[in-house]
Amino acid sequence: MMDKALSDRKVKSVVICGHNGKFCGGADIREFSSPLTGPLLIPVIQGVESAAKPVVAAIEGVALGGGLELALGCHYRIANSKARLGLPEVHLGLLPGAGGSQRLPRLIGVPAALDLITTGRHVTAAEALQLGLVDRVTDRNTVDEAVKFALSVADQSPQSRRISTFPCPRHPDLDALFEDVMQRVRQRARGALAPVACVRAVRAAATLPFPQGMERERELMATLFTSGQARAQQYHFFAQRAVGRWSMPSGARWDKTKPVAVHKAMVIGLGTMGRGIAVALVQAGVSVVAMETNEKQLTDAKQAISSMLERGAKRRGVAPALDKIRYSSDHSRRSRSALTGGP
Ligand SMILES: CCCCCCC/C=C/C(=O)SCCNC(=O)CCNC(=O)[C@H](O)C(C)(C)COP(=O)(O)OP(=O)(O)OC[C@H]1O[C@@H](n2cnc3c(N)ncnc32)[C@H](O)[C@@H]1OP(=O)(O)O
């Protein structure tokens with residue numbers, strides 16, 4: 001479709017838009033666990049950018065990851081005022097590997113690009129306009145506005161709008177900037193590879209011509225792409241969404257179940273975890289039966305839990321709720337029934 005639009009002489013300018021009010025949330029993360037198929041994004045974006053006629057991105061909903069990278073390959077970007085834009089790959093253990101790490105700094109400058117790429121944060125359309133990431137923001141129908149705009153620039157050459165040809169905006173002391181950012185990113189990353197690789201990729205954009213920068217981006221991406229950290233972070237992405245959709249063998253489901261207040265709980269086993277759980281429950285106002293069959297462990301736990309509750313209460317300026325917890329070494333049915341108030 002794109003090839004057809006770009007090669008048809010009757011077509012003077014092109015608008016790329018999404019579907020159902022969303023421009024593009026990026027690549028399908030599930031595809032990263034198997035060999036990549038389909039047209040590779042980098043040549044697609046290069047084809048768009050090098051087109052001889054203006055190409056306009058009409059951004060509604062979200063433009064994230066590869067979606068924003070595609071928009072950066074366009075010559076103009078028009079965003080709906082409710083749209084959100086970002087390069088969140090760092091949260092998936094990756095970097096913006098379809099030219100995003102090389103085009104973004106050329107468009108909005110190194111400090112702003114470092115911020116967006118290393119944090120993966122989304123920006124609103126208003127902030128995107130302020131940063132120079134988009135050319136216009138509209139409250140109206142974005143595709144209609146983009147079509148109007150595309151017609152108004154149809155006779156103009158897109159030559160000066162190709163971000164890959166922009167020099168990276170100058171910064172007075174690049175070395176000091178990167179040293180400072182790298183130090184802060186390393187501290188925050190606590191061993192994560194992707195944020196550090198993101199800084200390295202942006203440094204390549206700031207110091208190398210575009211083709212060499214792309215090569216550096218590719219090398220860094222190749223290391224991250226198959227890393228255990230990336231696999232774990234991508235698993236985490238889907239796991240986070242799955243826990244929000246739980247269902248029980250009984251058929252109870254997250255969206256059909258009303259929450260029930262919990263007033264009593266029993267904690268069985270008072271090791272480090274059990275003690276912490278008992279304290280958290282008491283502090284949340286729940287009456288707790290704390291059960292431990294090992295007498296020595298029970299004595300130690302009583303002391304530890306009381307002092308945790310006292311310290312917590314002191315910090316919050318309230319009385320310690322020591323009366324909310326009862327201890328037991330009796331694992332019998334009678335002891336467990338104390339929870340339900342049964343016989
Ligand atoms: C050498 C190789 C070079 C390769 C270059 C590749 C370059 C491109 C890379 C990328 O684009 S990486 C992906 C970047 N994008 C993201 O990280 C966006 C992730 N998604 C989100 O932030 C949110 O889902 C959203 C898009 C803002 C929508 O949020 P909302 O709250 O409305 O819905 P969710 O519950 O989060 O999601 C709904 C549904 O969709 C699934 N999903 C969302 N995004 C993706 C995705 N990118 N890939 C696959 N699936 C996605 C999500 O899991 C939900 O489905 P269920 O889990 O409920 O079935």
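**Salt bridges and overall shape of a predicted chain**

A search of the whole structure finds 12 salt bridges, a salt bridge being a side-chain nitrogen of Lys or Arg within 4 Å of a carboxyl oxygen of Asp or Glu. Before I go through some of them, a note on the source. This is a predicted model, in which local features need pLDDT of at least 70 and side-chain atom pairs count only at pLDDT 80 or more, while totals for chains, interfaces and linings use all residues. Residues are numbered from 1 along each chain as its sequence is written, and side-chain values use heavy atoms, with hydrogens and water left out.

I will start with the network. D115, R121 and E127 are linked by salt bridges. Between D115 and R121, the closest N and O atoms are 2.9 Å apart. R121 also meets E127, with 2.7 Å from N to O. How accessible are they? For the terms, buried means under 20% relative accessible area, exposed over 50%, and partly exposed in between, with a 1.4 Å probe and protein chains only. D115 is partly exposed at 31%. R121 is partly exposed at 29%, and E127 is partly exposed at 22%.

Next, a pair within a helix. K148 forms a salt bridge with E145, and their closest N and O atoms are 3.2 Å apart. Where do K148 and E145 lie? Both are in helix 7, residues 142-152, three residues apart, which is about one turn of the helix. K148 is exposed, at 51% relative accessible area, whereas E145 counts as buried, at 18%.

Now the charges as a whole. The chain carries 46 positive and 29 negative side chains, and the centres of the two sets lie 6 Å apart. Lys and Arg count as positive, Asp and Glu as negative, and His and the chain ends are not counted. Each charge is placed at NZ of Lys, CZ of Arg, CG of Asp or CD of Glu.

Last, the overall shape. The chain has 14 helices and 10 strands, taken as DSSP runs numbered from the N terminus (helices H or I, at least four residues; strands E, at least two). The C-alpha trace spans about 85 × 50 × 40 Å along its principal axes. Of the 343 residues, 41% count as buried.
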